Amino acid sequence: MTSDNGASGKVTSGEAATFVLVPGYWLGAWAWDEVAADLRAAGHDVHAVTPAGQAERAEESAPGADVETQIADLVKLIEDADLREVVLVAHSGANMAVTGAADRIPERIADVVYVDSGPMPSGMAGIDFHDAEARAELEKAVAEQGGGWRIPVPPFDPAADPVNLAGLTEEHLAALRGRGTPQPFGTATQALTRPDPLPATPRTLIATTIPLDAVRQMGESGHPVFSLMTGPGWTYRELPTGHWPMLSAPRELAALLAEVATGGA
């Protein structure tokens, strides 16, 4: 996992935070450019990363690339840079690598922030979050367009997906289509194996496409994923926009991340 940590200088404890920003499927560190710039301007130490097999690291991908590949890569990045008190941020499908890494090095993590995403329970893969029809469509696309091991870049058509693509300009959509790279399918099919008990690391949800009331209701009803997103240790923020807030609302997202890191209301 490569890191673009910009030109941030040494920060003073209590005045700044250390962020590691991980993008979801198809994207690289570039997706965080505007968010990272705002956080750095506020004096924070920011590491926007590209997971193995994505964006400029697409050539590193292979049929064997999976969740474990990306977890190990992220842990190595944090340990090699000796990062501590990290605010570890997962957008969308990065939830798997981020959750796995946070489980392994909890002593280095101050908060895990899920942006329109959340942690999966042990034994569950990303593809298991989809219903049977959506899963079949995904498997068909991988077989027919991805050589059997890659998830093709979607068309990012706002007419077909107005909720997730809300707030994106034509320039944003062109960047997603042009800079996105096929995603290793193993990152969707390999399940997490999580420790028992789970680390007591603080966790934050920044909800964008699903209202917080709906998240809480699904959690309280026993939904296997959303039930992990309620209870002690969780805080919540809401940013009504689409599924890619680092593009559609970068300034607002940066402000929320800074607020989370400093314990603001």
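## Salt bridges

At 31% relative accessibility, Arg135 counts as partly exposed, a class lying between buried, under 20% relative accessible area, and exposed, over 50%, with a 1.4 Å probe and protein chains only. Its partner Glu139 is likewise partly exposed, with a relative accessible area of 36%, and the side chains of Glu139 and Arg135 meet in a salt bridge at 3.2 Å, N to O; the term stands for a side-chain nitrogen of Lys or Arg within 4 Å of a carboxyl oxygen of Asp or Glu. Because Glu139 and Arg135 are four residues apart in helix α4 (residues 132-145), they are separated by about one helical turn. Helices here are DSSP runs of H or I with at least four residues, strands are runs of E with at least two, and both are numbered from the N terminus. Salt bridges that share partners also join Arg57, Glu60 and Asp73 into one network.

The model is a predicted one, in which local features need pLDDT of at least 70 and side-chain atom pairs count only at pLDDT 80 or more, whereas totals for chains, interfaces and linings use all residues. Residues are numbered from 1 along each chain as its sequence is written, and side-chain values use heavy atoms, with hydrogens and water left out.

A search of the whole structure finds 12 salt bridges. One of them links the side chains of Lys76 and Asp80 at 2.6 Å, N to O; Lys76 and Asp80 are four residues apart in helix α2 (residues 67-80), so about one helical turn separates them. Asp80 counts as exposed at 56% relative accessibility. In a further salt bridge, the side chains of Asp82 and Arg84 meet at 3.2 Å, N to O, and here Asp82 is partly exposed at 43% relative accessibility, while Arg84 is partly exposed at 49%.

## Packing of α2 against α3

The axes of α2 and helix α3 (residues 95-104) come within 8 Å and cross at roughly 55 degrees, where axes are lines fitted to C-alpha atoms, for helices over the stretch in contact, and angles run from 0 to 180 degrees between N-to-C directions. The two helices α2 and α3 are therefore oblique to each other, the class left over once angles under 35 degrees are called roughly parallel, those over 145 roughly antiparallel and those from 65 to 115 roughly perpendicular.

On the α2 side, Val67, Glu68, Gln70, Ile71, Leu74 and Val75 meet Met96, Ala97, Val98, Gly100, Ala101 and Arg104 in α3, contact being defined as heavy atoms within 4.5 Å.

## Nonpolar cores

The largest nonpolar core has 44 residues, and those with the most contacts inside it are Phe19, Leu21, Val35, Val89, Trp244, Leu253 and Leu257. Such a core is a set of buried Ala, Val, Leu, Ile, Met, Phe, Trp, Tyr and Cys residues joined through side-chain atoms within 4.5 Å. Helix α9 (residues 250-262) supplies the largest share of this core, six residues. Apart from it lies another core, of 36 residues, including Leu77, Ile105, Ile109 and Leu192.

Thr18 lies in strand β2 (residues 18-22) and counts as buried at 11% relative accessibility. Not counting residues up to four places away in sequence, Thr18 touches Asp45, His47, Leu83, Arg84, Glu85, Val86 and Val87.

Thr201 is placed in the loop between α6 (186-189) and β8 (203-207), and is buried, with a relative accessible area of 9%. Leaving aside neighbours within four places in sequence, Thr201 is in contact with Pro106, Ile109, Ala110, Asp111 and Val112.
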